[in-house]
Amino acid sequence: MTPLRCFNLISRFQPHTIAAHFPRALSSTASTSRGKTRVYTPGGYHPLKISDRLHGRYRIVHKLGYGASSTTWLARDEKSSKYLYVAIKRKSWPGGLDPTGARSFWDRGPNGTHSCLVTAPERCSLADVGEASWSALFQLDVARSLAAQLAAAVAYVHDQGYAHGDLHLGNLLLRLPSELDHLSIDQLYDEFGPPEAEPIVRQDGTPLPPGVPSHAISPVEFGKPSEQIELSEAKLLLTDFGVAFCPSREARYESHTPLKIRPPEARFEPTKPVSFASDIWSLGCSIWAILGQRPVFDPSASMPFGRLPPEWWDKWAARSRQFTETGQPVDGRSPRSWDERFQDSMHQSRCRENMATVDEKERDALSMMIRWMLAFRSGDRPSAKQVLETVWMRDWALPAYEKTTRE
Ligand SMILES: Nc1ncnc2c1ncn2[C@@H]1O[C@H](COP(=O)(O)OP(=O)(O)OP(=O)(O)O)[C@@H](O)[C@H]1O
């Protein structure tokens, strides 16, 4: 795949401006929880409302979503005839303005000064379509194609010298299948529903503190359940370079990926910098999550597979709560084997939903690729380029992606 084609998979990735736009890690006051109002505090989200105008040109039309440190809004650019609808990601941390960012600006509000990044509006994240679905599964060719696009996007970013640092399904957006720009605001509301605003009140009846919005807005629904996504719609965008970094220039010791897909070196080797290989661990977990129904490391199962490297095993102070000295689980539970997890998440779940399943040959190739990516020691993992060259990518995933580009 040429770099040019890969570039379509990556959102406004600007290596030279990343550090300036996104200088630090996530605000500690923010949370990924659905609780909306507690992050509207100094240093937290900005209380935007529908019809607000930002930067003298962006009229807020709807909400697109929110993450640990930002809210993203659909706005109409009243000064441009080219990009009528834009997405504005409003990030909640202070900092200095980067003058090189043509499509970014700073905005001051009651909770602080926020960086605002202007990009194209997309459909929704893979996490959103999974949540909207009963089965949380994609059709097999769709899943294969998405996995190939993700690996290609990561390979491209790594090739540019950057590690993404926060790979997970919430940062993988599906492209909008058609432009919105032909729609007036009323037509947009007719087609996708107007913003639903829920009043925010204090239980004790006292006035809201400054910086808290009067209403909570539900995000617009451009998406549909995962199993209904068609191959022609499976066009992926890797986004959120908020914690991306250049390992050759900067040593990072902290991983920002969600706990259940955080690479083990972040826990067991805290004095060793995280790097490209840490992305590969998260990539392996994400590819599993795209193909399967349940995460590869299910928090309810809590136990990994295989033995930890001895140097980690010896250093792991809390292990005696879960394991005996000989490595047996203390409560007699056996960790589910790789094959059991694969069978349950990738095979039986698909059978239950009457969806196509992987055959034995594909299962072996896919298992081999993901297990390589999930090697405990970061040095034993493949590079993203090697992932793209695996048998599973070559024989199953990349051909599905080729079909996506043709449809
Ligand atoms: N351009 C866009 N078009 C449509 N929706 C978007 C866009 N950008 C972000 N979103 C929505 O907002 C959500 C949060 O965005 P994002 O993950 O970039 O925020 P964040 O605060 O950096 O989150 P985190 O740090 O938790 O990954 C996304 O999962 C998606 O639903």
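**Helix packing and ligand shell in a predicted model**

The axes of helix H10 (residues 360-373) and helix H12 (residues 391-406) cross at roughly 125° and come within 9 Å of each other. This is a predicted model, in which local features need pLDDT of at least 70 and side-chain atom pairs count only at pLDDT 80 or more, while totals for chains, interfaces and linings use all residues. Residues are numbered from 1 along each chain as its sequence is written.

**H10 and H12**

- H10 and H12 are therefore oblique to each other (angles under 35 degrees count as roughly parallel, over 145 as roughly antiparallel, 65 to 115 as roughly perpendicular and the rest as oblique).
- Glu362, Ala365, Leu366 and Met369 in H10 meet Val391, Trp392, Asp395 and Trp396 in H12 (contact requires C-beta atoms, placed from the backbone, within 7 Å).
- The contact of H10 with H12 comprises six nonpolar, no polar and two charged residues (Ala, Val, Leu, Ile, Met, Phe, Trp, Tyr, Cys and Pro count as nonpolar, Asp, Glu, Lys and Arg as charged, and the others, Gly among them, as polar).

**H4 and H12**

- Helix H4 (residues 140-159) and H12 have axes that come within 7 Å and cross at roughly 100°, which makes H4 roughly perpendicular to H12.
- Asp141, Arg144, Ser145, Ala147, Ala148, Gln149 and Ala151 in H4 meet residues of H12 that include Met393, Trp396, Ala397 and Leu398.
- Nine nonpolar, three polar and three charged residues form the contact of H4 with H12.

**Shell around the ligand**

- Gly65, Gly67, Ala68, Ser70 and Ala87 come nearest among the 25 residues around the ligand (a residue is near if its C-beta atom, placed from the backbone, lies within 6 Å).
- Strands S2 (58-66), S3 (70-77), S4 (85-91) and S7 (124-125) are the elements that give two or more residues to this shell, and S2 gives the most, with three residues.
- The shell residues divide into eight nonpolar, twelve polar and five charged.
- Domain 1 (13-121 + 179-221) and domain 2 (122-176 + 224-301 + 336-407) each supply at least three residues of the shell.

Key
Axes fitted to C-alpha atoms, helices over the stretch in contact; angles between N-to-C directions. Helix = DSSP H or I, 4+ residues; strand = E, 2+ residues; numbered from the N terminus. Contact = placed C-beta atoms within 7 Å. Domains from an automatic or database assignment.
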